Amino acid sequence: MRTAQDDVTGQETGPCLTRTLPAIQDFRLLYTEYRPDRDLAEASRQQPARPLMVLTFGLEGESAFRNRSGTELVFKPGHATLTAFRTSDGARHYQGKRAVRQLRMIVPQDALAQYCEPGTDMPLPDTDILQLSARPLSSSDHNALEALLCQASRPRPDRLQLHILMLQLLAGQLPVGPAALDSQRPLGQRELDRIDLAYRLLAEELGQPLSITALAARVGLNVNKLRQGFATRFRASPGQVLLMLRMRKAQALLQAGCQVAEAAYAVGYGHPSNFSAAFSRFHGYPPKAVFKVPRNLPAHG
């Protein structure tokens with residue numbers, strides 16, 4: 001696994017940083033933070049051995065890329081832009097005295113294709129470069145980006161967590177296939193009833209590991225419909241709903257007098273340290289800070 005490396009542009013341009021973050025397999029992660037003193041055109045020339053897909057997450061500010069062929073791509077803040085290219089010969093453009101922060105995920109086209117819906121062809125540009133999509137970031141995208149940057153900045157990042165977070169971000173941006181297109185059809189009442197059943201199963205089985213595929217099968221929906229239903233009903237993914245239920249239950253257990261380890265095991269965490277980290281991220285304070293609430297008072301959470 002790669003370690004983080006920094007590449008700082010000449011100081012005459014002002015603070016411009018590119019950092020190579022730890023990644024896995026064929027993935028590459030580049031974090032850029034630019035604030036040039038004046039308008040900056042930074043040459044970019046690449047001819048990779050195989051076609052690449054680049055997913056650019058705009059964290060702050062706007063930049064553009066102009067190829068010598070005349071193609072122009074604009075990278076907006078709060079958007080994820082998916083680009084395919086065979087060659088890159090042009091310049092990245094940044095406005096003077098404007099901060100720009102971006103995270104770029106770079107994956108060879110053939111490696112990325114394995115994550116697409118069956119029947120979906122990954123489009124490639126006829127000549128050099130092609131923008132496939134530019135979509136606003138969702139709240140779950142922002143959360144995943146924050147967690148990914150946090151994980152990648154650690155001296156010894158968790159490879160599994162890096163992989164999960166990168167795939168989570170990819171899942172919301174890849175071109176759709178037949179199954180994904182079907183998931184855009186509005187849900188009927190019968191399907192919404194099954195989503196409610198899935199919610200009850202999560203609430204009743206907090207101590208069990210979550211498998212989206214297994215949960216979908218138990219309630220008689222495909223995975224895309226399950227995700228669509230949770231987004232419709234709860235404005236969250238099944239995993240996010242399960243986390244919310246676990247954290248609320250854990251807080252109630254702690255307020256009732258449970259030890260941290262007992263609460264962790266009760267809501268499905270095999271390691272109390274992992275539970276404590278998740279609890280702190282969710283609530284904003286560690287589980288040990290929860291005091292025992294008198295039984296005649298309601299528990300908050």
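Reader: How do helix 2 and helix 3 run, roughly parallel or roughly antiparallel to each other?
Author: Their axes cross at roughly 150°, so helix 2 and helix 3 are roughly antiparallel (angle over 145 degrees). The axes come within 9 Å. Each axis is a line fitted to C-alpha atoms over the stretch in contact, with angles from 0 to 180 degrees between N-to-C directions.

Reader: What is this model, and how are residues numbered?
Author: It is a predicted model, where local features need pLDDT of at least 70, side-chain atom pairs need 80 or more, and totals for chains, interfaces and linings use all residues. Residues are numbered from 1 along each chain, and side-chain values use heavy atoms, without hydrogens and water.

Reader: Where are the two helices?
Author: Helix 2 spans residues 139-152 and helix 3 spans 159-171. Helices are DSSP runs (H or I, at least four residues), and strands are too (E, at least two), numbered from the N terminus.

Reader: New topic. How many residues has the largest nonpolar core?
Author: It has 27. Such a core is a set of buried Ala, Val, Leu, Ile, Met, Phe, Trp, Tyr and Cys residues joined through side-chain atoms within 4.5 Å; buried means under 20% relative accessible area with a 1.4 Å probe, protein chains only. F27, L148 and M166 are among those with the most contacts inside it.

Reader: Which element gives the largest share?
Author: Helix 3, with 5 residues.

Reader: What does M166 touch?
Author: A23, I24, F27, L29, M105 and L148, leaving out residues up to four places away in sequence. Touching means heavy atoms within 4.5 Å.

Reader: How many residues are in the other core?
Author: That core, lying apart, has 16, including L201 and V241.

How values were computed: Parallel < 35°, antiparallel > 145°, perpendicular 65-115°, else oblique. Buried < 20%, exposed > 50% of the residue type's maximum accessible area, 1.4 Å probe, protein only.
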